[in-house]
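Visitor: Please show me the structure, and then I will ask about it.

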Amino acid sequence: MKKSSLLIIAILCVLCSGCFKQPIKLPDYEISLYKDKSYMIPAPAHSHYEYHSLNKFCASVSTDGLILANHVGETDILVSNNYDEKIIHVTVEPTYMLYTEPYINFGESRNAIKARYGTPYQENANAAIFPYEREGFALMVTFDQNDQVVSYVVVVPNNFYTDLALFLFERYELNGTGSNNTSYFMNAYSADEASLFVTVLPYNANFWFVMYEPFNRNAKLSSFNPTFPDEITDALVKMTR
């Protein structure tokens, strides 16, 4: 009798352990969404899967598998149980494409920038200006004393302000506002996670500067007011007319 009971217990243990080794009944696949749109992962009922986003700023996922597109970009959603794991690759597509954002590589050399963007319209020791994508737009790159990139500035004509706001809110989180209609964005929900600072400010009443810089947690937003040599700003005015 005792041997029979032990045998039954052993069989039940084997059966139960098999219950926990169920493969996830989903393939690896990809989806595309626009900001603020959602998608429900088609998991079987009572599947007890766990969901995790590798980049919640781009797309988050609820405990029941609802994916929400938050900002333009790409990330992976991991679907797992205690035996198996699948990946759903999520691309949050842009609705607004005012311009292509510059390739960000702080510390890159001036020569590398010229190799990428061509001959500057004008340059000095501090900055170089390049034609950029569409009429009236420009790209200004600023350098330190070692000719390494400090910031990228996309110059946008003044009449594109509404389009610019929509473009940025789709990609970044507003971090604050300052005087002179200046706005500050970052590439994360919190300053502790941010790596990129995007400042938008009017300049010379002709255009807007969209300045990409490394995020600085100690920056005083209200006092931020970059200045550039007259020869550079004069060239920008001529270039963007």
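Visitor: Which residues touch the most other members of the largest nonpolar core?

Guide: This is a predicted model, in which local features need pLDDT of at least 70 and side-chain atom pairs count only at pLDDT 80 or more, while totals for chains, interfaces and linings use all residues. Residues are numbered from 1 along each chain as its sequence is written, and side-chain values use heavy atoms, with hydrogens and water left out. A nonpolar core is a set of buried Ala, Val, Leu, Ile, Met, Phe, Trp, Tyr and Cys residues joined through side-chain atoms within 4.5 Å; buried means under 20% relative accessible area, exposed over 50%, and partly exposed in between (1.4 Å probe, protein chains only). In the largest core, which has 26 residues, those that touch the most other members are Tyr99, Val156, Leu164, Leu168, Val210 and Tyr212.

Visitor: Which strand gives the largest share of this core?

Guide: Helices (H or I, at least four residues) and strands (E, at least two) are DSSP runs, numbered from the N terminus. At least two core residues each come from strand 9 (127-131), strand 10 (138-143), strand 11 (149-157), helix 3 (161-169), strand 14 (196-203) and strand 15 (207-214). The largest share is 4 residues, and it comes from strand 11.

Visitor: How many residues does the second, separate core have?

Guide: Its members include Leu33, Cys58, Val79 and Ile88. This second core is separate and has 18 residues.

Visitor: What is Val210 in contact with, leaving aside its neighbours within four places in sequence?

Guide: Contact means heavy atoms within 4.5 Å. By that rule, and with those neighbours left aside, the partners of Val210 are Tyr99, Tyr152, Val153, Val154, Val156, Leu164, Leu168, Val198, Thr199 and Val200.

Visitor: How many residues apart in sequence are the parts that Tyr117 and Tyr132 tie together?

Guide: Rings of Phe, Tyr and Trp (its six-membered ring) pair if their centres lie within 6.5 Å; planes under 30 degrees apart count as stacked, over 60 as edge-to-face and the rest as tilted. Tyr117 and Tyr132 are edge-to-face, at 6.3 Å centre to centre with 65° between the planes. Tyr117 lies in helix 2 (residues 110-117) and Tyr132 in the loop between strand 9 and strand 10, so the parts tied together by this pair are 15 residues apart in sequence.

Visitor: Which ring does the charged end of Arg171 sit over?

Guide: A charge sits over a ring if NZ of Lys or CZ of Arg is within 6 Å of the ring centre and within 35 degrees of the ring normal. Arg171 is found in the loop between helix 3 and strand 12 (173-177), and its side chain reaches the backbone oxygen of Phe167 at 2.9 Å. The charged end of Arg171 is 3.8 Å from the centre of the ring it sits over, that of Phe167.

Visitor: Is Arg171 buried or exposed?

Guide: Not counting residues up to four places away in sequence, Arg171 touches Phe57, His71, Val72, Pro94, Tyr96, Met97 and Glu101. Its relative accessible area is 7%, so Arg171 counts as buried.

Visitor: Which side chain does the side chain of Thr142 make a polar contact with?

Guide: A polar contact is a pair of N or O atoms within 3.5 Å; within protein, one must be able to donate a hydrogen and the other to accept it, and residues adjacent in sequence count only if both atoms are side-chain atoms. Thr142 is found in strand 10 and is buried at 10% relative accessibility. At 2.6 Å, its side-chain partner is Ser151.

Visitor: What is the phi of Asp36, about?

Guide: Asp36 lies in the loop between strand 1 (29-34) and strand 2 (38-40), and is exposed with a relative accessible area of 55%. Although Asp36 is not a glycine, its phi is positive, at about 75°.
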